[in-house]
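Reader: Hello! Could you take me on a close look at one part of this model, and tell me what sits around it?

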Amino acid sequence: LFFPTVFGLALVQINQFVDTLIAEIFLPGHGAVSALYYSNLLTQFPLSLVGTSIATAILPGLASAVARDNGAEFVSILRRGLSGAIYIGIPASVGLVLFGPDIVSVIFEHGKFTAEDTRRAGLCASLFGTGLWCYCANQVQVRAFHPRKDTRTPVRVSAAMVALNLALNLALVGPMRESGLALATSVSGFVSFLVLNRILRKRHPELDSGPLRRDFYLS
């Protein structure tokens, strides 16, 4: 189960690799790869702190609920994990969207890193930020399949999203350059969130959006 589990969780890393590859091929020698790299760094801290941490914390509870065939407890833990990831992930996304260029400037703009480099990396950071909350929530949603030893579904969704990201990259790299690659990654993350959420709600009808919204407000 190890390798399909890793692939199912590694959507953001795979998409970033594809982004870099497309930038190398279509935008060589223009700083596109560096802009993507530095802007990507800003997404890793909230993604790890929010998405990965919450998903790792709830996994034992999900597995215990499945082992005891307690569907209500499983859904309750999953809903709490999702509401937590979304509650913290959305402000992180908004912060990166609004202040991406400023954060890049404060951290990276020195030496050979110019104001133009900040502008390009900052725009990419803001576009990555639009999908950051989705990738945080996806970490939680993918974990929901693992206690039942269902690694096939997340792998299929990840494979489809990698294909979608590649198609969007090829469509957007021309008119938007490296910022189009960042936008493509966020769009594929959002679509992945919708697909995984739909599958989970189909399997667990009690996981509807009403209680999730209430959990969000109470948080």
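Author: Happy to; what follows is a walk along helix H3, its partners and a few residues around them.

A word on the ground rules: this is a predicted model, in which local features need pLDDT of at least 70 and side-chain atom pairs count only at pLDDT 80 or more, while totals for chains, interfaces and linings use all residues. Residues are numbered from 1 along each chain as its sequence is written, and side-chain values use heavy atoms, with hydrogens and water left out.

Let's start with the helix itself. H3 covers residues 32-67; helices here are DSSP runs of H or I with at least four residues, numbered from the N terminus. One of its partners is H6, residues 132-143. The axes of H3 and H6 come within 8 Å and cross at roughly 20°, where an axis is a line fitted to C-alpha atoms over the stretch in contact and angles run from 0 to 180 degrees between N-to-C directions. H3 is therefore roughly parallel to H6, the term for angles under 35 degrees. Their crossing is right-handed, which is to say that the near helix is turned clockwise from the far one by less than a right angle.

Which residues make this contact? On the H3 side they are Thr43, Pro46, Leu47, Val50, Gly51, Thr52, Ile54, Ala55, Thr56, Ile58, Leu59 and Leu62. On the H6 side they are Leu132, Tyr135, Cys136, Gln139, Val140 and Arg143. Contact means heavy atoms within 4.5 Å. By class, the residues are 12 nonpolar, five polar and one charged; Ala, Val, Leu, Ile, Met, Phe, Trp, Tyr, Cys and Pro count as nonpolar, Asp, Glu, Lys and Arg as charged, and the others, Gly among them, as polar.

H6 deserves a moment of its own. Its 12 residues reach 18 Å from first C-alpha to last, close to the 16 Å expected at 1.5 Å a residue (1.5 Å times one less than the number of residues). Because 12 of the 12 residues of H6 are buried, this helix is largely enclosed by the rest of the structure. Buried means under 20% relative accessible area, exposed over 50%, and partly exposed in between, with a 1.4 Å probe and protein chains only. Among the buried residues are Trp133, Asn138 and Gln141.

Beyond its neighbours within four places in sequence, Asn40 touches Gln16 and Phe128.

Finally, two loop residues. Lys149, in the loop between H6 and H7, has a positive phi of about 60° although it is not a glycine, and is exposed at 62%. Arg177, in the loop between H7 and H8, has a positive phi near 55° and is partly exposed at 36%. For context, most residues other than glycine have a negative phi.

Terms used. Parallel < 35°, antiparallel > 145°, perpendicular 65-115°, else oblique.
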